[in-house]
Every structure is written in C-alpha cells, then in structure tokens.
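Please work through each task with the sequence and the model at hand before reading its solution.

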Amino acid sequence: MSRRFLWVVFGFAVALTLIWEFVKIPDASNRLNRLPLTGFGFAARDLPLSELERSIFGNAQVIKRLYRTGRQGVVVQIVDATRDRHAVHDPLYCFRGAGWEIAAEARLPVPGGYARQLTLRRSADIAEAVVWFSDGSSRHASAPAHWWQTVLRRLTCGVSGPEPVMVILQPLQGETPIWSDVFGRLPLLFDF
C-alpha cells in the first residue's frame, strides 16, 4: 500500500510540474496597460529602471513612472511577478538592503483595503514610502498574504483570481506628501 501511495504522489507531482510548465498563467498586463499617463490634474512619464532594479526584478513586468499632481511628484513602481516569482518579496527587505532603516511604520487606509506607510532613515537622510499589494479589487500590505495568493493562483493555473501586483509609492526627495491628497488626485492607483 505505501509503495502504491508513493507512486501516486510521484505521478501527481510530475503531472503538476508538467501543467505548470506548459499552461500559461494569465498575468496583470491588461490591467497595467490601462494605467494612464495623463488625466485630469495629473501627468506622468515613464522612468528607466536602474541596473540594480533590473537585476532584482528579473523577468517581472515593471512599470516605473513619475506622476506629477499639483506641486507634488510621486514615483510609482508596480511589479507584476507572474513571470518571475522571485521578483516580489517583502518591500522592507529591499529598503533594508539598500541601506535604509525603518524608522516608523503605520497602517494607511486605501480604497479596498490598507497600505503600509514607511518612514525610512539612512544616515541623515529621511524618506517615505507607501506599499501595498493589489489584485485589482482588494489591497493589503501583507507579504505572506501575497505569497499565499500567488501560490493559490499557481496551484489553480490562475483560476483562483487575478495576479496580485506590488505597488510602491515614493515622493520626490525632500517632499513629504499628504498621502490622502495624493490618493484623491490619483484615483487611477486603485483602478487597475
């Protein structure tokens, strides 16, 4: 009985591996392509990824844009890791790896859920960032929840729901935005 069970488990594992290898799981491209560059009260331009960002994100689809709204500028990075699972992890690791210390952290309500607002410190420099994961309808800032969502999508070949993307917002250096104003002027951040 135990030998038969092992063969069944082995066969199941091989079948899953073959399915994952040959079944293309839908990514978030359609949602990300709808993200506008201009609109009422804002304009944006694409920014190139740095060499470090290219090495971190690998084959993942990444949008990096500078959005200007009023007098504020916000760099928006959106990462769809459907094609490279290693590209998305807890953003705190990235900031720490870049030499930033997490000086403060707060839960920030956003439409459809919550984000994580971070105050970062490196030597005398202070910066802010807001991060969340979104599947298009709900938002959260939990890296483990994101991981479970992606595992479930992989196990179900994408049937369990749309691909969750990671969203990172950072103001231009020296600016301290009122995030609720930014969200009010850039509702497009919650439309994809």
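Helices (H or I, at least four residues) and strands (E, at least two) are DSSP runs, numbered from the N terminus. This is a predicted model, in which local features need pLDDT of at least 70 and side-chain atom pairs count only at pLDDT 80 or more, while totals for chains, interfaces and linings use all residues. Residues are numbered from 1 along each chain as its sequence is written, and side-chain values use heavy atoms, with hydrogens and water left out.

**Exercise 1.** Describe the lining of the largest pocket.

Step 1. On a 1 Å grid over the protein atoms alone, a pocket is an open set of points where a 1.4 Å probe fits, with protein on both sides within 12 Å along at least five of seven lines, and lining residues have an atom within 4 Å of a point.

Step 2. The lining comprises 30 residues, and Glu53, Phe95, Ala98, Trp100 and Gln170 are those nearest the centre of the pocket.

Step 3. At least two lining residues come from each of α3 (51-57), β4 (72-80), α4 (91-97), β6 (113-122), β7 (125-134) and β9 (165-171).

**Exercise 2.** Which helix gives the most to the lining of the second largest pocket?

Step 1. Among the 13 residues that line this second largest pocket, Arg85, His146, Trp147, Thr150 and Val151 are the closest to its centre.

Step 2. Helix α5 (residues 143-155) gives the most, with 7 residues.

**Exercise 3.** Is phenylalanine 5 buried or exposed?

Step 1. Phenylalanine 5 belongs to helix α1 (residues 2-22).

Step 2. Its relative accessible area is 54%, so phenylalanine 5 is exposed (buried means under 20%, exposed over 50%, partly exposed in between, with a 1.4 Å probe and protein chains only).
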